[in-house]
Amino acid sequence: MARKNDKRDDEMRDGTSTAPAGPADSRPPSSFLEVRDLRIHFPTDDGLVKSVDGLSFQLERGKTLGIVGESGSGKSVTSLGILGLHNRRNARVSGEIWLDGQELVGASEEQVRRLRGRDMAMIFQDPLSSMHPFYTVGHQIIEAYRIHNDVTRKVARKHAIDMLGRVGIPRPDRRVDDYPHQFSGGMRQRAMIAMALSCDPELLIADEPTTALDVTVQAQILDLLRDLQREFNSAIIMITHDLGVVAELSDDILVMYGGRCVEYGTVDDVFHAPEHPYTWGLLGSMPRLDRERSERLLPIKGTPPSLINLPSGCAFNPRCAYAELNGGKSTEERPDLRDAAPGHRVACHLPAEKRRQIWNDEIAPKL
Amino acid sequence: MGDNVSTSDNPAPGPEETPPDAAASEKAASEGAAGAAAAAAPVKGTGRRGETLLEVEDLGKHFPVTQGIVFKRQVGAVKAVDGVSFSVRKGETLGLVGESGCGKTTTGRMIMRLLEPSFGKITFEGHDITHMSQRDMRPLRRDIQMIFQDPYSSLNPRQTVGSIVGAAFRLQGEQPRQGVRAAVQELLEMVGLSPEHYNRYPHEFSGGQRQRIGIARTLALRPKLIVADEPVSALDVSVQAQVVNLLEDLQDELDLTYVVIAHDLSVVRHISDRVAVMYLGKLVEIADRADLYERPMHPYTNALLSAVPIPDPSKREGRDRIRLQGDVPSPLDPPPACRFHTRCWKAQEICKQVEPPLQELSPGHMAACHFPENTTVSATDLVAKAAVAPGPAPGPADSPVGKD
């Protein structure tokens with residue numbers, strides 16, 4: 001509990017760039033989507049799993065936010081939380097999620113259900129397991145469309161064909177009656193996108209939309225998302241572990257580690273002047289095609305932490321190469337997310353000048 | 001069907017056996033330090049680098065498709081691999097890339113003799129192992145080992161790490177001089193695990209650690225060749241880099257030869273000395289790493305490379321992109337002649353009629369295309385050569401015209 005209060009105080013102190021997010025202030029924000037201090041905890045027999053622990057961000061229409069992190073960093077839990085897909089019996093969700101002026105965390109299931117599909121939709125990672133194998137692709141799109149729109153089956157079917165054509169499925173009037181298993185992986189993902197977009201949602205959450213796909217198909221899907229965003233002016237949250245995908249599509253990037261945001265900024269901030277040692281580690285771990293081949297990759301030591309038993313202080317400290325520079329502060333105190341530059345926020349104890357110096361002198365030349 | 005074997009092939013001295021000087025010197029330079037380390041380490045295979053360790057000629061695997069319940073009759077075949085030829089030199093890493101369904105894993109499994117080849121020939125250290133019996137194969141198993149993709153399903157959950165890694169000694173009836181336990185613990189240390197992990201079970205480890213256990217198991221008998229099938233694709237980015245570095249260190253230390261099968265082009269570039277690109281069961285291009293990535297000749301390779309997302313937002317605009325349309329055709333009924341012609345933007349009439357042979361277009365760089373890029377060789381020359389004289393064409397003519 002004490003920790004929670006700490007957190008709020010922190011936000012008051014450094015809450016300059018975002019709207020103040022104190023408990024007293026629950027005015028609807030000006031942004032299209034605003035998430036304030038979102039916490040999603042799961043009580044288990046082994047202890048409380050803090051999958052998301054105090055996450056805040058905002059997103060405008062027509063913009064893309066990339067959420068990057070390793071498995072278990074809480075990125076998928078966040079997206080399911082926004083859609084209200086967590087079982088309320090075993091997930092504790094707190095904080096605020098404002099979508100176009102409506103608060104979702106406290107809303108009734110019925111209210112959220114009405115928004116889901118129409119105002120916000122999701123593209124899942126594995127289209128084969130997220131489509132019903134028993135119904136045709138068309139049936140599933142029609143069903144989603146008719147739940148939110150009072151139209152006849154015939155009109156809905158026409159709409160489904162239209163959507164399938166729009167996402168680039170050849171001969172949609174025939175493929176609409178196919179079952180998911182008759183589609184290839186790339187086409188299934190297109191069909192998923194068609195389904196997600198069928199009600200013209202303003203918020204689209206894509207959870208690893210291309211991870212299961214081949215690189216040429218991935219390129220097609222990313223192009224498609226880009227085009228559709230231009231057409232529908234929707235806001236996209238792109239969740240991925242692939243920094244390449246994020247760099248291609250995102251306007252803003254949020255780097256998650258251990259259920260918390262460690263760095264948040266524009267795509268240029270995060271790729272060209274990253275300030276968190278974890279972000280440096282991610283960039284150094286990746287072999288890159290656009291640079292000279294480096295002799296060695298620069299991996300992060302250790303493995304991602306367990307969410308039940310996060311390291312004390314900064315969750316990244318056991319893997320951080322610079323934790324000692326703070327004289328033990330990293331193991332004792334959790335760093336707050338502070339502004340490093342306008343709009344660029346970093347949660348690290350290292351002084352800003354030191355971070356910039358390390359990036360410029362030690363990290364950037366090796367990448 | 002599976003017997004129109006290597007007779008049509010001329011086993012002419014392939015360019016792979018005589019490495020181009022440039023590549024050799026580059027390799028020597030990059031391995032100067034490594035060579036010293038390897039000399040100091042207890043190395044089993046003391047073979048000179050550059051000798052051919054593994055040779056694959058016109059290898060293919062067709063999976064029959066049957067119909068009927070009692071009387072199964074064959075109605076077709078999935079041509080998973082349809083005649084690939086390459087060789088792997090001692091101490092090098094050959095990367096095998098391609099999209100899912102291109103036959104790269106099937107090729108790896110045939111090299112391991114986990115799958116029976118339909119046709120073609122596999123030569124390991126001069127021995128033809130293509131149709132060797134299980135019993136004859138067994139002693140060779142210590143020389144050829146495999147790293148599997150999924151560290152979760154490739155370790156027996158009911159066995160301890162000690163028993164998993166020690167299995168190799170048991171199965172081969174080998175008694176390490178320091179005892180099995182000590183030998184296993186040594187291996188665990190070698191791959192960056194702690195010797196205390198000996199009595200633990202796989203579920204107690206993270207994905208990256210499990211992959212290390214799998215690697216320790218492969219190393220137990222000091223193999224000469226390791227076939228690694230997507231060794232890092234199931235791992236998180238930060239852990240992936242650890243395992244890539246580990247594989248490179250082990251190669252230097254133990255003088256290993258790798259065939260790395262992967263779909264991630266950036267990982268393959270990092271880890272490989274030479275790279276082979278597959279499409280629908282065929283090799284379309286094979287070249288030294290630098291050559292392939294800087295001057296790709298086959299349109300498919302070009303398309304693959306340009307589809308890789310670049311983690312640099314400033315390069316978002318103005319990248320010269322090639323976007324392939326549609327999906328890879330079914331290997332049940334692959335397109336005739338050049339298999340890529342249905343998706344190729346350079347395709348002409350000839351591509352639908354004459355299969356382009358895999359030939360050396362510049363030293364050490366082979367591609368199978370009528371209209372290759374980044375080369376001065378004219379397309380008409382190639383076509384003429386291919387149409388007139390499939391046999392004496394330079395390089396192992398992969399698949400002569402009209403074979404299918």
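Author: Four bridges tie strand β3 (residues 93–97) of chain B to strand β9 (residues 274–279) of chain B, and the two run parallel. Strands here are DSSP E runs of at least two residues, helices are H or I runs of at least four, and both are numbered from the N terminus. Two strands pair if DSSP finds at least two bridges between them. This is a predicted model: local features need pLDDT of at least 70, side-chain atom pairs count only at pLDDT 80 or more, and totals for chains, interfaces and linings use all residues. Residues are numbered from 1 along each chain as its sequence is written, while chains are lettered from A and ligands numbered from 1 in the order in which they are written.

Reader: Which residue in β9(B) is the bridge partner of Gly95(B)?

Author: Val275(B).

Reader: What is the strand order of the open sheet in chain B?

Author: Eight strands, with mixed pairing: β6-β7-β8-β3-β9-β10-β12-β11. β6 (144–147) and β11 (359–362) of chain B are the edges; each has a single partner strand, so one side of each lacks a neighbour in the sheet. Neighbouring strands are turned by 25° against each other on average, direction ignored.

Reader: Which strands does helix α7 of chain B lie across?

Author: Axes are lines fitted to C-alpha atoms, for helices over the stretch in contact (C-beta atoms, placed from the backbone, within 7 Å). Angles run from 0 to 180 degrees between N-to-C directions. Helix α7 (residues 207–219) lies across β6 and β7 (225–229) of chain B, at about 175° to β6(B).

Reader: How many helices and strands does chain B have?

Author: 13 helices and 12 strands.

Conventions:
Two residues are in contact if their C-beta atoms, placed from the backbone, lie within 7 Å.
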